[in-house]
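Please study the sequence and the three-dimensional structure shown below. The paragraphs that follow lead the reader through selected parts of it.

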Amino acid sequence: MASPRGQWSGKLGFILAATGSAIGLGNLWKFPYITYENNGGAFVLVYFASVAIVGIPIMVAEILMGRKSERSPVAAFQALAQGKPGGQAWSLVGFLGVLAGFTILSYYSVVAGWTIHYILMSTSGKLAYLAQDPVALQNHFGNEFLASGSKQVFYHLLFMGLTTAAVFAGVQKGIERVAKVLMPALFLILITLVIYSSTTSGFGDAMAFIFKPDFGSLTLASTLEAMGNAFFSLSLGMGAMLTYGSYMGRDISIPKSALQISLLDTLIALMACVIMFSIINTSGIAVSKSSTILFTTIPTVFAKLPAASFFNLIFYLLIGFAALTSTISLLEVVSSYAIDNLGWSRHRAVATMAIAIGAFGTLSALSLGANSTLSSINFIGKGSTEGVFGTMDYLATNWFLPVGGLLIALFAGWIMNPRETRSELEDGHGEMRGYSVWQFLIRFVTPIAVAAIIVSVILGKEYN
Ligand code: PHE
């Protein structure tokens, strides 16, 4: 039964697309560097706990709301809130999600665009050459590349173009097709790099750093940072999973899918840490600015290898692929609003939204160029409000996603009828024995934990 809204071809298509949305710069870039800043071990455990008690319950809620309503966020809330307390006011949560998608995509694609520049420099051999001298590479990255507004805008728009092409082609022919090619490639590259890093001298220390908890170094702020990153990394709080769930067949188990997506996402964040820390340890280079490790430190280690350009190439392809399957999901949320609520055709919706986001994103791209100092790049959630780039990032990560997530949890836990949610979760799954566990989490534990994040942001305690 082909629905006019589009549908995944089956379980694999859904899982790969949703995992593709989840795995992105949040895993490969942000998770390693905040783990680094928060001293490893204990922080990683807190992150696991956040995924379990905040991430998985909200992911289940989003997918179930999407599949039940067969709508994107705004229309889903409109349909599901009918005759319920709060009524149509709930659709504002959907709007917040669309706004979050718009905002995140506008700056995310700037960073994603950097991977294209690095991929091109890898194939030409320029990257391996520059990276022989760490200072030369840093100069290139900071003073030549970031400082050039035209380059920043160019690569941002190029990445938006790739994203647009995929979403334009539709759910199955575009989004799913891209995920089916890129995700296996991504896994293969990651495994290759993990194997390589296990042969480096820094591997043992990296494992100890990641897996040996030292609870003494844990602070309230790092606990909250872990939770905030769980939202971002799992693509939660803005209706991305809800939208992908709306294209899902009734023969697929929602709880199992949510579990699989979350576990894969977490596993890959850990693999990224193993790779990055092994390489940093091996390099012996002191890391001063952890948020730029990805573009400055890594190539200097590869430069010492015989196949430097090859490793550079697969490394930046990995990041580019991961980012693309994420930007696709962001554009899909925004476009599907126009499709479901404004009655636009997919082509009109995608083209219009992509142009608007592309134009708005140039402000972020130029704000980096204008500042040109590395200190303005506090990617994702570090609360740097410097420049448009930092402001958009700050708003989305610290406000839109946690607030959206809290409201989604409250809606699924308290507003929707338990009979409705149970029967939706049992469709494609069979009797759900864990239902009461999910219900307890989504009603009490998840909202309280998320409210704690929000309160901490209000009190300005999130990063000190
Ligand atoms: N999860 C993506 C990442 O880790 C980012 C993202 C956030 C994508 C929200 C969609 C929605 O990079």
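In which helix is the place of E225? E225 belongs to helix α11. Helices here are DSSP runs of H or I with at least four residues, strands are DSSP runs of E with at least two, and both are numbered from the N terminus. The structure is a predicted model, in which local features need pLDDT of at least 70 and side-chain atom pairs count only at pLDDT 80 or more, while totals for chains, interfaces and linings use all residues. Residues are numbered from 1 along each chain as its sequence is written, and side-chain values use heavy atoms, with hydrogens and water left out.

The relative accessible area of E225 is 10%, and therefore this residue is buried. The word buried stands for a relative accessible area under 20%, exposed for one over 50%, and partly exposed for what lies in between, with a 1.4 Å probe and protein chains only. The side chain of E225 also makes a polar contact, at 3.3 Å, with the side chain of N38. A polar contact is a pair of N or O atoms within 3.5 Å; within protein, one atom must be able to donate a hydrogen and the other to accept it, and residues adjacent in sequence count only if both atoms are side-chain atoms.

We turn next to the ligand. There are 14 residues around the ligand, and those that come nearest are A22, L25, G26, Y108 and F232; a residue is near a molecule or strand if one of its heavy atoms lies within 4 Å of it. Taken alone, the ligand exposes 320 Å², of which the protein buries 100%; accessible areas come from the Shrake-Rupley method with a 1.4 Å probe, and for residues only the protein chains shown count as cover. Two or more residues of the shell come from each of α1 (11-22), α2 (25-37), α11 (220-233) and α16.

Helix α16 spans residues 308-342 and includes T325. Because its relative accessible area is 4%, T325 counts as buried. Beyond its neighbours within four places in sequence, T325 is in contact with G20, S21, I23, A179, L182 and M183, where contact means heavy atoms within 4.5 Å. L342 is also found in helix α16, but L342 is partly exposed because its relative accessibility is 40%.

The largest nonpolar core has 161 residues, and W114 and W438 have the most contacts inside it. Its largest share, 17 residues, comes from α16. Such a core is a set of buried Ala, Val, Leu, Ile, Met, Phe, Trp, Tyr and Cys residues joined through side-chain atoms within 4.5 Å.

Most residues other than glycine have a negative phi. E70, which is not a glycine, has a positive phi near 50° and lies in the loop between α3 (41-69) and α4 (73-80). S235, likewise not a glycine, has a positive phi of about 60° and is found in the loop between α11 and α12 (240-245). E70 is partly exposed because its relative accessibility is 41%, whereas S235 is buried because its relative accessible area is 11%.
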